[in-house]
Amino acid sequence: MDTNNARYQKQLNQVLRHLYINPLEKCNLRCKICYTKKTDPILTQKQILDFIDRYQNEYDLQTITFCGGEVFALKYYTDLLNILNSRGIFTQTITNGTIDHLDKIVLPNLNNLIVSIDGLAEYHDSNRGAGNFHKSMHFLKKAHKLNLHTEIFSIVTKQNMDQIDIFENYMRQELGKVSITYHPRKPPSYLAHHPISNIEGEISGFDYLTDSELVQIMQTRNTFPPKELGCYQISLASTGIVYGCCEGFRPIGNIGDPIEKLVYSLRNRIGGPCLGCSQTEFMCGIKHIINKMN
Ligand SMILES: C[S@@+](CC[C@H](N)C(=O)[O-])C[C@H]1O[C@@H](n2cnc3c(N)ncnc32)[C@H](O)[C@@H]1O
Ligand code: SF4
Ligand code: SF4
């Protein structure tokens with residue numbers, strides 16, 4: 001990291017209050033355009049809690065985001081949330097919203113459920129399987145009733161890009177005010193360079209966005225990666241390898257490493273435009289797009 005760059009430094013200070021943990025890659029669904037491999041390793045609850053304990057000894061940990069695979073498929077998952085919430089940690093769960101254990105969550109106000117909805121029913125189910133739109137909408141509505149926070153992640157392809165306004169109106173009608181972050185379908189330039197998360201899946205009916213469509217969506221909506229980047233963080237994967245962001249493939253260390261060593265490696269990785277990236281040679285395959293926008 002360029003130690004003179006005050007913007008990176010400020011962003012890193014925020015980022016260090018937030019961990020990302022991916023306990024498994026296994027999933028109950030087989031979405032047609034999912035880019036992740038469904039590999040075997042699964043972190044135990046003890047491995048996760050030991051890592052968090054050591055992290056809390058060094059940093060003011062406020063939030064943990066869990067992703068997978070599908071974390072609600074883990075037997076221990078709601079117990080883990082309850083333990084972390086009882087310590088005052090805010091937990092976020094990225095989920096497909098088809099496995100409902102919501103009644104087991106004890107402290108709803110310390111939870112944000114980020115549910116993946118790719119568009120209206122027909123389109124969503126064409127990727128995720130028949131009946132899953134209904135299940136995930138029911139999950140979101142039940143979460144509201146139970147006073148959990150909710151958000152939506154939505155994959156954008158050529159086919160649903162011009163439906164976004166209709167989609168947003170529908171979601172507002174059904175759920176009230178809700179934040180939606182759009183994930184442009186991982187482009188071929190991402191898949192060609194990521195050694196693990198590189199599944200191409202089905203193309204017909206889910207075409208990649210062109211560069212100009214990518215620029216347009218990044219400029220007009222909340223997206224991941226965000227147009228100003230800064231999306232690095234300590235990210236523990238199901239293998240026990242620690243990366244510099246949720247899309248990482250160049251390790252910064254391992255689950256057993258001293259936390260200071262992990263943070264030192266992350267700090268040394270940060271570079272590039274805007275608020276920076278921890279894999280500047282990769283930048284999620286959108287380096288040329290970010291350069292166009294800035
Ligand atoms: C890999 S999933 C894991 C969490 C959970 N199973 C779910 O579907 O929300 C994490 C996020 O990646 C998104 N995603 C899956 N395939 C994608 C693709 N090809 N391009 C962009 N985002 C994708 C999902 O919609 C989800 O929001
Ligand atoms: S997008 Fe999520 S729900 Fe769909 S297969 Fe991938 S991990 Fe599973
Ligand atoms: S590779 Fe860079 S742009 Fe992509 S998620 Fe990681 S930090 Fe963000």
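The largest nonpolar core of this predicted model holds 78 residues, and I52, I64, F66, I117, I152, M171 and I234 touch the most other members. Such a core is a set of buried Ala, Val, Leu, Ile, Met, Phe, Trp, Tyr and Cys residues joined through side-chain atoms within 4.5 Å; buried means under 20% relative accessible area, exposed over 50%, and partly exposed in between (1.4 Å probe, protein chains only). A second, separate core has five residues, among them Y20, I94, I114 and F153. Back to I52: setting aside neighbours within four places in sequence, I52 is in contact (heavy atoms within 4.5 Å) with L19, I21, L61, I64, L84, R87 and I89.

Residues are numbered from 1 along each chain as written, and ligands are numbered from 1 in the order written. Local features need pLDDT of at least 70, side-chain atom pairs count only at pLDDT 80 or more, and side-chain values use heavy atoms, leaving out hydrogens and water.

Around ligand 2 sit C27, L29, C31, C34, K38, N96 and R128, each with a heavy atom within 4 Å of the ligand. That shell splits into four nonpolar, one polar and two charged residues.

The G68 to G69 peptide bond is cis, with omega near 15°, and so is the one joining F224 and P225, at about -10°. N147 counts as exposed because its relative accessibility is 55%, whereas M283, at 3%, counts as buried.

Note on methods
Nonpolar A, V, L, I, M, F, W, Y, C, P; charged D, E, K, R; others polar.
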